[in-house]
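Please open the model in your viewer and keep the sequence beside it.

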Amino acid sequence: MRMLDFASFLVWAIPLSAGDAPKVGYIDCSSGDQHRLTAVFSNPCSAQPVENLGCGDRVEVLGREGPWLKLASSDGGERYIGATSVSQKKNRFVAFDFPVPVGPYVPDCSAFRPKTGKVLGG
């Protein structure tokens with residue numbers, strides 16, 4: 001497998017301005033399935049969800065990164081969820097008004113990969 005350097009990744013992150021407060025959103029219920037759970041991930045590179053949110057759950061949206069919305073987590077960190085899973089309105093789906101990135105989204109997952117290499121003894 002060929003390793004790509006940092007410069008070969010194209011990442012789109014659209015954070016809120018420093019003066020902006022997090023935007024309030026709700027887990028979308030427009031599918032009609034009130035019992036459906038929506039997966040939340042620790043980072044855009046993770047395949048394993050760290051939690052699930054239910055229809056209508058309130059979230060704080062910090063920004064957008066490609067197809068993901070960055071959410072504030074209860075422990076003060078960040079979590080990621082698909083941008084189409086969160087609505088501005090609780091009763092009907094209204095997408096967040098973050099600009100849609102142009103071009104492909106390729107997350108920089110280098111920070112989440114295990115470090116490999118040899119430790120040289122002295």
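Begin by selecting C29 and C55 in this predicted model. The link of C29 and C55 is right-handed, with 125° about the S-S bond. C29 lies in the loop between β2 (23-27) and β3 (37-41), and C55 in the loop between β4 (49-54) and β5 (58-65), so the pair ties together parts that are 26 residues apart in sequence. If you display the sulfur atoms, the S to S distance of this disulfide is 1.7 Å. A disulfide is a covalent bond between the sulfur atoms of two cysteines. Now show the surface: are C29 and C55 buried or exposed? Both C29 and C55 are buried.

How many disulfides does a search of the whole structure find? The search finds two, and the next selection is the pair C45 and C109, whose sulfur atoms are 1.9 Å apart. The torsion about the S-S bond of C45 and C109 is about -90°, so this disulfide is left-handed. Follow the chain to each end of the link: C45 lies in the loop between β3 and β4, while C109 lies in the segment after β8 (86-87), so the pair ties together parts that are 64 residues apart in sequence. C45 is partly exposed, with a relative accessible area of 28%, whereas C109 is buried, with a relative accessible area of 15%. When the bonded cysteines of the chain are numbered in sequence order, the pairing reads 1-3, 2-4.

Next, select I27, V40, L53, V59, V61, L69, L71, I81, A83, V86, F96 and F98. These 12 residues form the largest nonpolar core.

Finally, move to S73, found in the loop between β6 and β7 (78-82). At 13% relative accessibility, S73 counts as buried, because buried means under 20%. Display the side chain of S73, and you will find that this side chain reaches the backbone nitrogen of G77 at 3.0 Å. Leaving aside neighbours within four places in sequence, S73 is in contact with E78 and R79.

Notes: Residues are numbered from 1 along each chain as its sequence is written. This is a predicted model: local features need pLDDT of at least 70, side-chain atom pairs count only at pLDDT 80 or more; totals for chains, interfaces and linings use all residues. Side-chain values use heavy atoms; hydrogens and water are left out. A disulfide is a pair of cysteine sulfur atoms within 2.5 Å. Helices (H or I, at least four residues) and strands (E, at least two) are DSSP runs, numbered from the N terminus. Buried means under 20% relative accessible area, exposed over 50%, partly exposed in between (1.4 Å probe, protein chains only). A nonpolar core is a set of buried Ala, Val, Leu, Ile, Met, Phe, Trp, Tyr and Cys residues joined through side-chain atoms within 4.5 Å. A polar contact is a pair of N or O atoms within 3.5 Å; within protein, one must be able to donate a hydrogen and the other to accept it, and residues adjacent in sequence count only if both atoms are side-chain atoms. Contact means heavy atoms within 4.5 Å.
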